[in-house]
Amino acid sequence: MCGITGYVGHRNAVPLLLAGLEKLEYRGYDSSGIGIVASANAKIEISKAPGKIKALKDLLALSPLSPSTLGISHSRWATHGAPSKANAHPHFDCTQKILVVHNGIIENYEELKDRLMQKGHKFLSQTDTEVVAHLIEEHYQGDFLAAVQKALKELKGSFALGILCRDDPDTLIAARLGSPLIIGVGKNENFIASDVPAILDQTKKVIYLKDGEVAVLKSDSVAVYNLASKKVSVKVDTVKFSVESVQKQGFAHFMLKEMHEQPDVIAQILKARVCGDQVVLDGLGLSDAQLKKFNRIFIVACGTAYHAGLLGKYLMEKFAHVPVGVEAASEFRYREQLVDKKTLIIAISQSGETADTLAAVKECRAKGAKIIAICNVVGSSLTRESDGVLYTHAGPEIGVASTKAYTAQLTMLYLLALKLGNVHAVLSKAEQRFLIGELRKIPEHFREILKSKSLIAKIAKPYAHFGCFLFLGRNINYPSALEGALKLKEISYIPAEGYAAGEMKHGPIALIDEYRGVVCIAPQSDIYEKMISNMQEIRARKGKIIAIATAGDEGIKNHSTDVIYIPKTHELLTPLLAALPLQLLAYSVAVHLGCDVDQPRNLAKSVTVE
Ligand code: M6R
C-alpha cells in the first residue's frame, strides 16, 4: 500500500531510488514519482508519472533529473484522489522548499486543509498527503527537524513519511506512525524504505523504526527521536534473507516462483519446529501451564490469512477441544469483543502490517487478552504488538496473491494445534506421532504436485473464458474452497465464490449451467460420499466440474469433467495439499487470460489502511 524509498549519501540518488522503487512496486502501482535536491544548486527537482514505474523510468530517460546525492521516491496505491500525475507523490509546500512522500492515511486532512487554505496555502492535488508539506511549511522557521516534529503532533491517522527540505541539502527526515518504514544503514550513505527488499542489494543492516519515531539521516549518521523529541538509542539488525530471494530467478512470475518454494518453506518450518515427536514452539512466549488456562481462542486475520485461520479453528477444536472463533479483523475491531485475560488471540498476517488486524489486536490487548502472532515479516508492527511470535520465515513474498505465506501459515497452525492438543491432553501420543510423520511427507507431496503443473495449465485453458466459478468443499476443506475462489478472482478477475458444498442447495445451485466452472475439493475422507452427491447434483445441471481428488481415485472421473490428483495423505492434512493445485489453477487461468499475475489491478500487497 504505497512504497517509499529515500537516499542520502555520496552516489547519484536517482538510479538507486528507482531500483528500490521497482522492488516495492508490489505495494502499489498506479503512479509513481521521484524528487531530488540537485547537487549543483540545491534546487528541488521532481518527476512524476501515472501508471507503473516503467512510465516514470521512460519519462526520466527522456528528461533526466540533475545529479544529486539526496532524494525520495514513491509508488502509489490511490486512497485520496484518482491515480494521476497531480496526485502522484512527492508533494510540495507552497514555497517548493519542502517535499514529502507518504504511505498511510491522514485522517484529519480535511480539517487541516481548510485551516491551511484560510491561511493562504494553495493545494495542487486531491491527496491527504499534501497537507503534510504545507503543515511543515507553516511551522518552518529555519529548523527543519523542529518544523517536522511540530507538524507530526497535529496529524491523526497513520503515516510513514520521507521528507526533504531545500535549506538542508544533506538531510533526509523519516517518520512513522502505524505504517512500516525501515532505515538501511550503509557506508557513508543511508536509505529509507517501506520494506527490506528495496535496499537489500545495497545493505543488509537495518533499523526498524518504531511507531512515533522520527529519524534524521545524513550520509554518515542516523539519529532517532521519540514523540517527545528526545533522542533514543537504536538497534541495527542484520537481515537474514538473500538478494536472490527477492528476484524471479528465471520464473515467469513471482507467484510461480513462490509456489515452487513451498516444499522448502514447509520443510524448513518442520525442521525448526519439530524435534523427534515433539512440537517446539520457541517464541510463543507462553508456558504450557499458561496455554492450558485459556478457555477461548479467537483467530483474527484478513484475506488469505483469514482462510488459514478458518482451518486453524477446525484443527484446534479437534485436537484440543477448545472453542475457537475466527474473525475477519475488519469486522471484529468494531464489534463488542467478548475477550478477557482468559482469551488467547492468534493474529495471522504475512506482512504484519495489515491495518485491520493490528487494530483488532490492539482492542483485544487492551481488554487483557494475550496475543500470539503468526507472521512472516520479522520486526513488523504486529510482532511488536504481540506477546509471542511464531515466525513462518517463508522469505519475502512479492506476488500480491499469497501462496507460500498461506501454506506456511497452515503448517504453523497444524503445529500449534498439535501443541494445544498435547497441553490439553486430548491428543494421544500415538496420534500426534502419526500426524507428525504424515506432516513430514508433505514437502515431497508438494514436489509431486508441482510435476503436474503443465497438466493443470492444460486443464485450466478451456475454463479461462467461463463467466463465473463456484469452489466447493466440505468440513476442513471448506476454507480451501474459500481460498481457491479468492486466488482465482484476485488474479484473473473472474467472479468466483467459495461455498460449503452442503450449502449449495440453499441458493448457489441456481448459478449452475454449462457455462459455469465448479471446482470440487473431494479428497478421500469421511464425507467423501457427501461430496460425490453434490457433484452429481451439479452434473445433473450440466455444470462443468474440476475435481481435486486423491491419487488412485479412478471413480471420481465418472462424476467430473476433469480431475487434478493430489497424493494420498491423512484426511486432516488434505487442505495443505489442496492449496497447491488451487493456486496453480488460478495462476494458469490468469496467464491464459493475459492478466498481470503479480500485480493484479486495484490491489496492493500489504493493506496498511482501513
Ligand atoms: O499481510 P496479511 O497476511 O495480513 O494480508 C492479508 C490480506 O490482505 C492478504 O492475504 C490478501 O487477501 C492477499 N492478496 C490474498 O492473496
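The C-alpha centres of domain 1 and domain 3 lie 45 Å apart in this predicted model. The domain assignment of the protein chain, whose bounds come from an automatic or database source, gives domain 1 as 3-239, domain 2 as 244-447 and domain 3 as 452-598. Residues are numbered from 1 along each chain as its sequence is written, and side-chain values rest on heavy atoms, with hydrogens and water left out. As the model is a prediction, local features need pLDDT of at least 70 and side-chain atom pairs count only at pLDDT 80 or more, while totals for chains, interfaces and linings use all residues.

Helices (H or I, at least four residues) and strands (E, at least two) are DSSP runs, numbered from the N terminus. Helix 3 spans residues 109-118, and Y109, L112, K113 and L116 are buried there; buried means under 20% relative accessible area, exposed over 50%, and partly exposed in between, with a 1.4 Å probe and protein chains only. These four cover an arc of only 100 degrees around the axis, so they sit on the same side of helix 3; the arc is that of the directions from the helix axis to the C-beta atoms. On the other side of helix 3, E110, E111 and Q118 are exposed. The buried residues of helix 3 pack against strand 6 (98-106), helix 4 (130-139) and helix 5 (144-154), where contact means heavy atoms within 4.5 Å. After helix 3 comes G120, with a positive phi near 105 degrees.

The ligand has 14 residues around it, of which S349, Q350, S351, T354 and E490 come nearest; a residue is counted if one of its heavy atoms lies within 4 Å. A polar contact is a pair of N or O atoms within 3.5 Å; within protein, one must be able to donate a hydrogen and the other to accept it, and residues adjacent in sequence count only if both atoms are side-chain atoms. A polar side-chain atom of S349 lies 2.6 Å from an oxygen atom of the ligand. The protein covers 90% of the 410 Å² of accessible area that the ligand has on its own, with areas from the Shrake-Rupley method and a 1.4 Å probe; for residues, only the protein chains shown count as cover.

Q350 is found in the loop between strand 20 (343-349) and helix 11 (355-366), and counts as buried at 12% relative accessibility. The side chain of Q350 makes a polar contact of 3.0 Å with the side chain of N376. Beyond four places in sequence, the residues that Q350 touches include C375, V377, E397 and K605.

A590, in helix 18 (residues 574-592), is buried at 0% relative accessibility.

Most residues other than glycine have a negative phi, and most peptide bonds are trans. The peptide bond from H89 to P90 is cis, with omega near 5 degrees, and P90 lies in the loop between strand 4 and strand 5 (91-92). Q249, not a glycine, has a positive phi of about 50 degrees and is partly exposed, with a relative accessible area of 47%. H393 has a positive phi near 45 degrees and is exposed at 52%.
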